[in-house]
Structure formats: structure tokens, C-alpha cells
Amino acid sequence: MKNKEEIIVYWAPGLIQSRFHLNYKEPEPVIKELRQLGHNLIHPDNNASNFLKCPAVLNSTKNTFAIASPAGVRIKWDGSNISTPEHDQEFFDKWFFARDTSTGFLSFNLCKYMFFTEEPSLIIKQKSAVYTNNDFTKKIGIIEGSFDIGQWVRALDIGLYFKEPEIVNINIDDVLYYLEFITDKRIIFKKFYYTPALKEMYETCVSVRNTNKFPIKTYFEDMYLLFNQSKMKKRILKEIKDNLLE
């Protein structure tokens, strides 16, 4: 029986085939990042770290999880071009999308995730990894955003920008961003296998943007309405539950 104080969130690598599949990790509570930050900041002569016990701080990390990179890669922006110095153009074109090379703005497709829930509504927010210290978080900013994984299906990647011309080193398991679930209930993650059937249903949903013009003001409301009217959610959930990896 389902616990009324819990919400199940189904997740999977958002790619059908990728050599990085096995490296995808389940999101981990951000409180671990905060505790590590506190450990690093504590002076040897001071064993107290009051902010780690502050209810306001702890509440701000509730249902917020760290998303780690499944791959190691170096990305370079020289002020006018973006590249992966240790890989060829084919690799770059497959895993990255340079949106604006003059400003160092791109999408990182190596870290695509799928999140979905049977709840009627559950907003997720993609947030900067403010408690994490690695080469990515020092040199890269991310474009934050949110949508409802109870009323829409889409792959979650990262829109990012270089803070200045740099070479950025990303290691496997480096935390890239945080994901907050807007609910007071406990989040339970369940991993599923992203099948070709799910990919087809996903592409059917997102393709609506190619045929319908949604006003910015009501963009998500209009898409959510279409999605709910389509009854696709029931079929998507059945395919997910039939392919759980636990």
C-alpha cells in the first residue's frame, strides 16, 4: 500500500543508447553536500558548525537532491568557439549543443535524466549547486528552470554558460546541479529502463511544440492541458512500471 506521506518519482537516464548508462547515479540528498561544505569550513580550533543545525538552512535543502555527471570530459570556450579538446567534432555534436558560441552558452546532453510521477502534480526546479565546490561549479553557471513532472514528460538536460573563457574539467560523479521537488512529502526514487516505446511516447508529446504555438504567458498551462486530455500519462506509467529495475 502506498504511503500517503511519500511520493514515488520514477527516473532513468534519458537516452536510449549511451556508453555512459551504467554511470548514472540516483539523485542524492543535498544535505550531504552541505555537511561536506561545513566540514571543510570548520576551523581546527572550532568544532561548532551552527549553520548545519539551523532549521532555516535545513528546511531549504528539504527534498533537494544533487545530480552528478555520468561522464568525464573537458570543455573549452576560447571566447568565440566551444569545443571538447580531447574529443573530435563528432563527439561534441553528439553530446553538446552550442547555443551561442560568442557568449559560451550551450546545452550538456551527456547528463540527460527522465523524471516522472503518478502524482497529479509535482513541480521540480533545476538549481545551481551552491554548496558544491568543483571545477564545473567554479567556472560554469547553469540556467535554472522548473516544470511539472506530473503533467508533462521531457528529458532534463543542462543549459549552461561559461563565466569567462576557460577549460572546464568535469569528472565522473562531479555534482553539476541540484533538483528540488516542491512538496513536503518524502521522495522515493525508483529507477526504470528507458525503452524505445517510452522514447516514442516522449517524442510524440514534445513534438506538439512543432505544430502548436503556445503563448509564453500560458506556455506550460496549455501543454499540461493537452497532455492531460491526451490520456498519455496512463500509458507512460504502465510502460515505466513494466520496466522497473528494482
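This is a predicted model: local features need pLDDT of at least 70, side-chain atom pairs count only at pLDDT 80 or more; totals for chains, interfaces and linings use all residues.
Helix α7, covering residues 219–230, contains 12 residues and reaches 17 Å from its first C-alpha to its last, a span close to the 16 Å expected at 1.5 Å a residue.

The buried residues of α7 are Met 223, Tyr 224 and Phe 227. Around the helix axis these residues cover an arc of only 100°, which means that they lie on the same side of α7. The elements that cover these buried residues include the strands β7 (105–116) and β10 (145–148), together with the helices α5 (196–206), α6 (208–211) and α8 (232–241). Just after α7, the backbone at Lys 231 takes a positive phi of about 65°.

The structure holds one cavity of 30 Å³ or more, and the largest cavity has a volume of about 60 Å³. Its lining is made up of Met 114, Phe 116, Val 153, Phe 192, Tyr 194, Leu 198, Met 201, Tyr 202, Ile 236 and Ile 240. Two or more residues of this lining are given by each of β7, α5 and α8, with the largest share, three residues, coming from α5. When the lining of the largest cavity is divided by class, 10 residues are nonpolar, whereas no polar and no charged residues are found there.

The model also contains open spaces, and the largest pocket holds about 260 Å³ of space. This pocket is lined by 17 residues, and those that lie nearest its centre are Gln 126, Ile 143, Glu 144, Gly 145 and Arg 154. The elements that give two or more residues to the lining of the largest pocket are β7, β8 (123–128), β10 and β11 (155–162), and among the contributors β11 gives the most, with four residues. By class, the lining of the largest pocket consists of eight nonpolar, five polar and four charged residues, whereas the lining of the largest cavity has no polar and no charged residues.

Definitions and conventions:
Residues are numbered from 1 along each chain as its sequence is written. Side-chain values use heavy atoms; hydrogens and water are left out. The expected span of a helix is 1.5 Å times one less than its number of residues. Buried means under 20% relative accessible area, exposed over 50%, partly exposed in between (1.4 Å probe, protein chains only). The arc is that of the directions from the helix axis to the C-beta atoms. Contact means heavy atoms within 4.5 Å. On a 1 Å grid over the protein atoms alone, a cavity is a set of points where a 1.4 Å probe fits but cannot get out, and a pocket is an open set with protein on both sides within 12 Å along at least five of seven lines; lining residues have an atom within 4 Å of a point. Grid points are joined across faces, edges and corners, and a volume is the space filled by probe spheres set on the points. Ala, Val, Leu, Ile, Met, Phe, Trp, Tyr, Cys and Pro count as nonpolar, Asp, Glu, Lys and Arg as charged, and the others, Gly among them, as polar.
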